[in-house]
Amino acid sequence: RITRQSGAAQFDSFKNFPEEEDIWPLEIIFHNIAWYLGYEIAAGEGQGVFRYDRLDRLYQIKQYGLGEKRSPKQHQRARHHLQKLRSYSAGIFFGVDKQQQQNFLSLSHAQRLQKMLTLKLQFTESLFKFVSEGTQRFPLEQLKMTAPPGRSLHHKPELKKLFSLPQVNDSTHPYCMNVLLPAWSFDDVTLKAWVLGFGPGVKVIGPDFFRAKVRQEVHATLQLYYPSQASN
């Protein structure tokens, strides 16, 4: 049984979970700036949900817990499911819906790709030169980009499939990136922060609901600094 440190940061999507939870711990990974515990919720409303949580926000309640055990085979199967969700996602957030996760895991690889949504971005040339070097940020098979300006791919034929998108007719943002992602990734705050971090160097083309989220963030920020302009 675990609980969270008093005053620890918590995203809105997790605030409906109880303060104490019985879990099956599965793995520990380092992600961005911290160590995370990957686990499966073992009881209650969230039973069966896979998620990661920062280790420094958690502590174990030793005197409580289910006291149950499961076989190494069951444990490895659950860990495989956790890693499978991570391998398709933009980060380590998989939503909070058990049925959504289970439905995704029940599909074949080809079916998963068909069910995913496409993040469509367009960049300025100067910014895209940097972005196109970050080929490890997303799952490679789910990623396509415009060929980087001035860079030869003849000695790397394996990259031709990746850099297969044409430039678009846009005088300022002609370079494209398309990424297939599960629906829950568009609720991942780190994905939104990554996009917003490019400022005016990027345009969000789709999906429409994600584009709307980014516009709302930009509008709210503008309102902080230029209230009269933001209200127009």
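Which residues of α1 are buried? I began there, bearing in mind that this is a predicted model, in which local features need pLDDT of at least 70, side-chain atom pairs count only at pLDDT 80 or more, and totals for chains, interfaces and linings use all residues. Residues are numbered from 1 along each chain as its sequence is written, and side-chain values use heavy atoms, with hydrogens and water left out.

**Helix α1.** I found A78, H81, L82, L85 and Y88 to be its buried residues (buried is under 20% relative accessible area, exposed over 50%, partly exposed in between, with a 1.4 Å probe and protein chains only). Looking down the axis of α1, I saw these residues fall within an arc of 145 degrees, so they line one face of the helix (the arc is taken from the directions from the helix axis to the C-beta atoms). On the face turned away from that buried side I noted the exposed residues P72 and K73. For the cover over the buried residues I listed, among others, β3 (23–31), β4 (34–41), α2 (98–106) and β9 (175–181).

**Cores.** I then turned to the largest nonpolar core, which has 25 residues, and in which L121, F123 and M177 have the most contacts (such a core is a set of buried Ala, Val, Leu, Ile, Met, Phe, Trp, Tyr and Cys residues joined through side-chain atoms within 4.5 Å). I noted that β9 gives the most to this core, with four residues. Leaving aside neighbours within four places in sequence, I found M177 in contact with residues including L119, L121, F123, V131 and W194 (contact means heavy atoms within 4.5 Å).

Note on methods. Helices (H or I, at least four residues) and strands (E, at least two) are DSSP runs, numbered from the N terminus.
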